[in-house]
Amino acid sequence: MLTQAPKGTQDLLPQASHRWQRIEQTMRDTCALAGYREIRTPIFEHTELFQRGVGDTTDVVQKEMYTFNDKGNRSITLKPEGTAGAVRAFIEGHLYAETLPCKMYYVACPCFRYEKPQSGRLRQFHQNGIEVFGAKDASVDAEIIQLAMKLLEANGIDGLRLTINSIGCPKCRAAYLEKLRAYLAPKLDGLCKTCQERFDRNPMRILDCKEDAGKLTDAPAMLDNLCEECADHFEKLKGYLKALGIAYEIDARIVRGLDYYTKTVFEIITDTPDGTPLTVCGGGRYDGLVEELGGPATPGIGFGMGIERMIMVQDMRGIAPEAPALLDAFVVTMGDEARMAGVKLVSALREKGVKADLDHAARSMKAQFKYAGKLGVKKVVVIAGDELEKGVVKLRDMDRSEETEVSMDEILGKF
């Protein structure tokens, strides 16, 4: 067990790290263009934050959180998602008193959920996400959707389908829930146990049930019961998406799995090679969450996308980005004096911005060349006793198998 990662976790090995770095850098670059700044929050929070923020009726809170008491007997939870922590930081940091909107993003945010590990689902996973506070117009809804699609496409995940819905606000949702319960009540005995448990506290989630959704195709839709404000917001969102040239489908069954959502909810879907649809990004508005957690009334919206799931899709499509060259130069030495000169040369090359290294395993010259070849290094500098006395080195082009003599004073200019 000591040499096996815990179930539902995985290592990021050095030979794969460039793929994560590419996704992370794309996130940073894309967000910077739109005026977003990075936020980093702790990997654990007080449990109450998620009970109140995510919702104590959700599967996440009821079944999936890693919760424990610390040595001070405080209930602590490893964060299952990124939004609640960002809202807490927004309130605690008094960011609401600064110029709004406050636009932030997080990169490779570690999240933890205790669920059965399966393809695309881990117990420790990492999310890239965006949160915007203080922007009530639907233009920002369209903006973050566009950013999400650009991020996915920049990482080779295309063929995307955007589905949108509005789940209203507390004002119009209350009347809708009465209609929905009246519709569901006579059918309740035929629904799964989870749906029966949701009937009183969170009936909208029943419409999202994978087991029972097919039995409820004629259920009343929230879209048909929106108040004037929510309906107007949804119409504006559709208009902004059209203006941006973003195609969308309306899916009245999207409710998302967390209680804090209001108005806009959306999912971005792609197809796996066997034609199975896969959600690669989801998000929406949470206009009441800041106030619910003790801050001033402040509209909010955001999304999250899992890095592991993005990499899984890349693997399915055979589009993994090529790893960059590990080194630009390798210095081969023979003898202690030559090795001392090699150490100095490697340091000078690195100061110049050249990725360089030399042998640290006391190999023979032949083995050093073989090692450089395995690394794919294009240029090898050879320092040996005879050349060192003359103040020169040999520069070998590994692709052409050509070797030239260069003075020690001029070797840096060759890179």
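**Notebook: aromatic rings**

I looked up Tyr96 and noted that Tyr96 is partly exposed, at a relative accessible area of 28% (buried is under 20%, exposed over 50% and partly exposed in between, with a 1.4 Å probe and protein chains only). The model is predicted, so I kept in mind that local features need pLDDT of at least 70 and side-chain atom pairs count only at pLDDT 80 or more, while totals for chains, interfaces and linings use all residues. Residues are numbered from 1 along each chain as its sequence is written, and side-chain values use heavy atoms, with hydrogens and water left out.

I then searched the whole structure for aromatic pairs and got seven (rings of Phe, Tyr and Trp, the last by its six-membered ring, pair if their centres lie within 6.5 Å; planes under 30 degrees apart are stacked, over 60 edge-to-face, the rest tilted). Phe90 and Tyr96 make an edge-to-face pair, because their ring centres are 6.1 Å apart and their planes stand at 65 degrees. Phe90 is buried, with a relative accessible area of 0%.

I next checked Tyr260 and Tyr286, which also form an edge-to-face pair, with 5.7 Å from centre to centre and 75 degrees between the planes. Tyr260 counts as buried at 7% relative accessibility, and Tyr286 counts as buried at 1%.

I followed the ring pairs onward and found that they link Phe90, Tyr96, Phe133, Tyr260, Tyr261 and Tyr286 into a cluster.

Last, I looked for a charge over a ring (NZ of Lys or CZ of Arg within 6 Å of the ring centre and within 35 degrees of the ring normal), and found the charged end of Arg363 over the ring of Tyr371, 4.2 Å from its centre.
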